[in-house]
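I opened this entry to look up surface, strand order and charged side chains. My notes follow in the order I took them.

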Amino acid sequence: METFGDAGSDWIDTDGDGVYETELVDIDGDGVTDAQFTDTDLDGVADVERYDTDGDGIANTEYVDVDGDGVADQELFDTDNDGVNDVTVTSYTVGSDGDLFPNATA
């Protein structure tokens, strides 16, 4: 996942709390945001990354770090540019036994 502080980026406060947690990056300098990085837990590492890979101004690829380890666990793709994700790939576990459910504690 991306760390914050890249040159040539704009910052926004998406939740109105006074903390700028979302970075908008115009990679090619055309005035259209090509990438958006959001740090939902304010640890300095993006938890959600969105990319506009075809230059139309709409993100069509998204990576989400669900468990906070700095590695994307979900990948979402909008292959036909209709604004709805067509493909979701999930690759994370919650329980130490390898399933998606927390382990019971006694």
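I started with the surface. The protein exposes about 6,400 Å². Carbon and sulfur atoms supply 51% of that area. I kept in mind that this is a predicted model.

Next I looked up burial. Of the 106 residues in the protein, 24% are buried.

Then I went through the elements. I found seven strands and zero helices. Read from the N terminus, the order is β-β-β-β-β-β-β. For contacts between residues at least 6 apart in sequence, I noted that 15% join residues at least 24 apart.

**Salt bridges**

How many salt bridges does the count come to? The count comes to one salt bridge. Arginine 50 pairs with glutamate 62, and their closest N and O atoms are 3.6 Å apart. Arginine 50 sits in strand β4 and glutamate 62 in strand β5, residues 61-64, so the pair ties together parts that are twelve residues apart in sequence.

I checked the cover on both partners. Arginine 50 is partly exposed, with a relative accessible area of 27%. Glutamate 62 is buried, at 18%. The limit for buried is under 20%, so glutamate 62 falls within it.

**Aspartate 39**

I turned to aspartate 39 next. This residue lies in the loop between β3 (35-38) and β4 (48-51). Aspartate 39 is buried yet has no salt bridge. Which side chain of opposite charge is nearest to aspartate 39? It is arginine 50, 12 Å away. A salt bridge needs the atoms within 4 Å, so arginine 50 does not qualify as a partner here.

What does the side chain of aspartate 39 reach, then? I found two backbone nitrogens. The one of aspartate 43 is at 3.0 Å. The one of glycine 44 is at 2.7 Å.

**Aspartate 65**

My last stop was aspartate 65. I placed it in the loop between β5 and β6 (74-77). Is aspartate 65 buried or exposed? Aspartate 65 is buried, with a relative accessible area of 6%. Its side chain reaches the backbone nitrogen of aspartate 69 at 3.3 Å.

I also noted how aspartate 65 stands to threonine 40. The two are 25 residues apart in sequence. In space they are 9.8 Å apart, C-alpha to C-alpha.

Key
Residues numbered from 1 in each chain as written. Predicted model: local features only at pLDDT ≥ 70, side-chain atom pairs only at ≥ 80, totals over all residues. Heavy atoms only, no water. Helix = DSSP H or I, 4+ residues; strand = E, 2+ residues; numbered from the N terminus. Buried < 20%, exposed > 50% of the residue type's maximum accessible area, 1.4 Å probe, protein only. Contact = heavy atoms within 4.5 Å. Areas by Shrake-Rupley, 256 points an atom, 1.4 Å probe, with all protein chains shown as cover. Lys, Arg positive; Asp, Glu negative; His and termini not counted. Polar contact = N/O pair within 3.5 Å; in protein donor to acceptor, adjacent residues only side chain to side chain.
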